[in-house]
Amino acid sequence: MKSFSHIKPLRNELNRLKAAQRSIGLVPTMGALHAGHLELVKKALHENEAVVVTIFINPIQFNNPDDLKNYPRDPERDLQLLNPLLRPHDLVFMPDVREMYPEPDTRTFNLGPVATVMEGAYRPGHFNGVAIVVDKLFNITTPDRAYFGEKDFQQIMVIRRLIELQHHPVSLIACPIVREPDGLAMSSRNIRIPGEIRPFAAIIHQALLSARSAANQLSPGQLVRQIREMIDQAPGITTEYVEIADELTLQPVAQWDQNTPVRCFIAAYAGQIRLIDNMRMRPPE
Ligand code: AMP
């Protein structure tokens, strides 16, 4: 693999690959890589002749300064994890903040209703910051395909909207959630969960599983209450929101409808660490 911290040499390399008609797969990450990221990379390797993995902690998508300050960073380990997977011609792009933002990017995207609910409501400015950095990464790398994880399901819907708005000629590939053995969705932030609380964080996944099994007997509102009660009784774990929403519009649903795929979305704190997760409720995936 070849790694770059500047746009110009990365572009030169990408131009060479494109001149040789190689398809390009992009995997954007914020580093502190785990098996969830690596599944995205493996899928991109399988489906593209060349892959670009980007590692950039995007400051403008953090609405909480402490979260940005404490976000795990381990670039050497990241490269060690990528090295055995990537082929000699695949690329890693690790820019610093000045490279990505030579001046502040003050654009506001009209991301529509998918960006105002849930994460959009609880993390003001987050999705606009995500849209700005992903727009830049699409412009820099002009990939054929871009790989995103369903752990951040709402983010996928926001990026679909961005692709439409900006006419990016890219196919978005959504990849399933990769979980720890106890069911907790893998996340770079998991290593920051205090040890005494960590075993209880599995309740989030357990609550999603039991909600899915009860979905034929209970209304969406009843399910939300059941999930909140189950999670909030676990020591150190507190729900921020639990929503049952139409998978395409992300708007909350009050009733089940046979023709509408419906998903449950959770944000919860494990100690001070904010976690998100989601699962299809109906119909079965
Ligand atoms: P991040 O580094 O957290 O910004 O994540 C980079 C990409 O990896 C995003 O598309 C995430 O949705 C995806 N991702 C993170 N965790 C997981 C996971 N547990 N399973 C699948 N994809 C994930």
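The domain assignment divides this protein into domain 1 (2-175) and domain 2 (188-280). The structure is a predicted model. Taken over C-alpha atoms, the centres of domain 1 and domain 2 are 26 Å apart.

**The interface between the domains**

Contact between the two domains involves 22 residues of domain 1 and 18 residues of domain 2. Between them, domain 1 and domain 2 bury an area of about 1800 Å². Carbon and sulfur atoms give 57% of that area. On the side of domain 1, Met 118, Tyr 122 and Phe 153 supply 33% of the area buried against domain 2, which is more than any other three residues.

The interface of domain 1 and domain 2 has 8 residue pairs in polar contact, with both residues at pLDDT 80 or more. Helix 8 gives the most, with 3 residues. By residue class, this side of domain 1 divides into 11 nonpolar, 5 polar and 6 charged residues.

The count of salt bridges between domain 1 and domain 2 is 2. Glu 119 forms a salt bridge with Arg 274, and their closest N and O atoms are 2.9 Å apart.

**Salt bridges in the whole structure**

A search of the whole structure gives 19 salt bridges. Arg 123 and Asp 67 form a salt bridge, with 4.0 Å between the closest N and O atoms. This pair links distant parts of the chain, since Arg 123 is in the loop between helix 6 and helix 7 (126-141), Asp 67 is in helix 3, and the two are 56 residues apart.

| Salt bridge | Closest N and O atoms |
|---|---|
| Glu 119 with Arg 274 | 2.9 Å |
| Arg 123 with Asp 67 | 4.0 Å |

**Aromatic pairs**

The count of aromatic pairs comes to 4. Phe 56 and Tyr 101 form a tilted aromatic pair, with 6.2 Å from centre to centre and 40° between the planes. Phe 56 lies in the loop between strand 3 (50-55) and helix 3, and Tyr 101 lies in the loop between helix 5 (97-100) and helix 6, so the pair ties together parts that are 45 residues apart in sequence.

Methods: Residues are numbered from 1 along each chain as its sequence is written. This is a predicted model: local features need pLDDT of at least 70, side-chain atom pairs count only at pLDDT 80 or more; totals for chains, interfaces and linings use all residues. Side-chain values use heavy atoms; hydrogens and water are left out. Domain bounds come from an automatic or database domain assignment. Contact means heavy atoms within 4.5 Å. Buried area is the accessible area (1.4 Å probe) that two parts lose on being put together, summed over both. A salt bridge is a side-chain nitrogen of Lys or Arg within 4 Å of a carboxyl oxygen of Asp or Glu. A polar contact is a pair of N or O atoms within 3.5 Å; within protein, one must be able to donate a hydrogen and the other to accept it, and residues adjacent in sequence count only if both atoms are side-chain atoms. Helices (H or I, at least four residues) and strands (E, at least two) are DSSP runs, numbered from the N terminus. Ala, Val, Leu, Ile, Met, Phe, Trp, Tyr, Cys and Pro count as nonpolar, Asp, Glu, Lys and Arg as charged, and the others, Gly among them, as polar. Rings of Phe, Tyr and Trp (its six-membered ring) pair if their centres lie within 6.5 Å; planes under 30 degrees apart count as stacked, over 60 as edge-to-face and the rest as tilted.
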